Amino acid sequence: MPPAPAVFLSYSGVLGGAERILLDGAMRLGAPAAVACPEGPLAAAARAAGLPVRVLRERTLQLRSGPAATAAHAAGLAGLAVDAARMGSGPAALVAWGARAILACALVPRSHRAPLLAVHCDLPPEGAPGRALRAATGRADGVAALSHAIAAATAPGATVLHPGVDLVAWTPAPLPGGPPRALVLGALVAWKRADLGLEIAARVPGLRLELAGAAMPGDDGGFLAGLQRRAAAADLRDRVRFLGPVADPRPALARAHLLLHCSDAEPYGLALVEALAAGRPVVAPGSGGPPEIVSDGAGRLFAAGDAEAGAEAVRAVLADPAAPAAARARAEAQFDIRRSTERLRAAIAALTSG
C-alpha cells in the first residue's frame with residue numbers, strides 16, 4: 001500500500017503568493033502530497049505539477065462587513081470544516097494553509113482528523129477575529145509561519161519557514177539600458193498600496209513604473225480605476241504602464257532596475273525574494289516581513305506610507321552600482337528553496353514523531 005499523503009488544505013482556489021508557496025513546498029516535499037482546494041488557478045497549477053487535487057466547494061472570498069457577510073463567512077468556515085472532517089484520519093498530515101483553513105480545522109475534533117500543522121501566511125486581524133485565530137492555532141499539533149513578523153503576532157515559537165525560490169530558475173539578467181525603471185508586482189488591492197508606488201514615482205524625475213497585477217475576484221474595480229486616473233495626471237503621464245496579471249514575472253523584472261514594494265503591513269513578501277534572486281534590489285517599507293528579506297545592501301527600506309522617504313530610497317538604490325549583485329548574494333545566502341522546504345518537511349515530520 002502506498003504511503004498516505006500530506007494534504008495541504010486551502011480555503012481559496014486563487015494563485016497568489018501564499019498559494020505559490022504552498023505549491024512549491026508540496027512539490028518538493030519528498031513525500032506524497034495532495035492539495036485540497038476549490039477549482040481554479042491553484043487546482044490547475046497543482047495538477048500541472050503532478051499533485052493530486054481534492055476538489056472542495058468554492059466559498060466567498062469577500063471581507064466586507066455586515067450581518068450577511070458575517071453569516072457567509074461563518075458558513076464558509078463551517079463548510080470547510082466538514083470537508084476536513086470527511087478526510088478523516090487517513091492523511092499522513094493535514095496542513096491548514098492560512099487563517100481560514102486554520103479556523104475551519106479547529107472545529108474538527110482531533111479524533112476525526114489527521115495530525116494538523118497550522119501554517120500562518122498573514123498577520124492576524126485586530127480584535128475578536130485575531131483572538132479567535134490564536135485560539136484556533138492552539139488546537140493544532142504544530143504551528144509554522146512564513147515570517148518572524150507573522151509568528152510574533154500569532155504564535156511565538158512557531159517554526160519560521162522563510163520560503164525561498166529555485167535559484168537556478170531565477171537567474172539574474174543584465175540591467176536594462178535607458179531610463180530607470182521600477183516594477184510594482186502584486187495584486188492591485190488597496191492594502192498592497194500601489195497608490196503609494198505612484199506617488200513615489202512622481203517624486204523621482206524620469207522614473208518609469210510598471211505595475212504587474214490585477215484586482216482580486218469580486219473586486220468592483222474602483223481601486224484600479226483610481227490608479228489609472230492618477231497615472232494619467234501630468235506629473236506621471238506616459239511614465240506608467242499597467243501590465244495586468246503576469247504568469248511569470250521574470251521578463252518584467254528583467255526590464256526593471258529595482259522592485260518597488262509599498263504595502264504598509266506585508267506579512268512576508270515572496271515577490272521580494274524573487275526579485276533578489278533575479279538580481280534586482282528591492283525598495284520596501286521597513287515594517288512586517290520585508291526587513292527580514294531586504295538587508296546586506298540588497299535594497300533600501302523606508303518608513304511605511306511615506307512617499308518622500310520611498311522616493312529617497314529609490315534614488316539611493318539607483319545610485320548604488322553594487323545593489324544588483326548584493327541582491328543576488330542575499331538570495332543565495334538566505335532564500336534557497338531547498339532549505340525552506342527542509343524546514344517545512346521537518347515541521348510536518350514532527351507531528352508524528354514520538
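Pro 115 is in contact (heavy atoms within 4.5 Å) with Ala 92, Ala 93, Leu 94, Asp 141, Leu 351 and Thr 352, leaving aside its neighbours within four places in sequence. The model is predicted: local features need pLDDT of at least 70, side-chain atom pairs count only at pLDDT 80 or more, and totals for chains, interfaces and linings use all residues. Residues are numbered from 1 along each chain as its sequence is written, and side-chain values use heavy atoms, with hydrogens and water left out.

Pro 115 sits in the loop between helix H4 (99–105) and strand E5 (116–120). Helices (H or I, at least four residues) and strands (E, at least two) are DSSP runs, numbered from the N terminus. Pro 115 has a relative accessible area of 24%, so it is partly exposed. On this scale, buried means under 20% relative accessible area, exposed means over 50%, and partly exposed lies in between (1.4 Å probe, protein chains only). In sequence, Pro 115 and Ala 6 are 109 residues apart; in space, their C-alpha atoms are 9.7 Å apart.

Now turn to strand E1 (6–9). Phe 8 belongs to E1, and Trp 97 to strand E4 (residues 93–97). The ring centres of Phe 8 and Trp 97 are 6.0 Å apart and the planes stand at 50°, so the pair is tilted. Rings of Phe, Tyr and Trp (its six-membered ring) pair if their centres lie within 6.5 Å; planes under 30 degrees apart count as stacked, over 60 as edge-to-face, and the rest as tilted. The count of aromatic pairs by this rule is one. Phe 8 counts as buried because its relative accessibility is 0%. Trp 97 is buried too, at 5%.

Ser 12 lies in the loop between E1 and helix H1 (17–27). Its relative accessibility is 10%, so Ser 12 counts as buried. A polar atom of the Ser 12 side chain lies 3.0 Å from the backbone nitrogen of Val 14.

Next comes helix H2 (residues 41–48), whose buried residues are Leu 42, Ala 43 and Ala 46. They cover an arc of only 100° around the axis, so they lie on the same side of H2. The arc is that of the directions from the helix axis to the C-beta atoms. The cover over these buried residues includes H1, strand E2 (33–38) and strand E3 (53–56). After H2 comes Gly 50, with a positive phi near 85°.

Terms used: A polar contact is a pair of N or O atoms within 3.5 Å; within protein, one must be able to donate a hydrogen and the other to accept it, and residues adjacent in sequence count only if both atoms are side-chain atoms.
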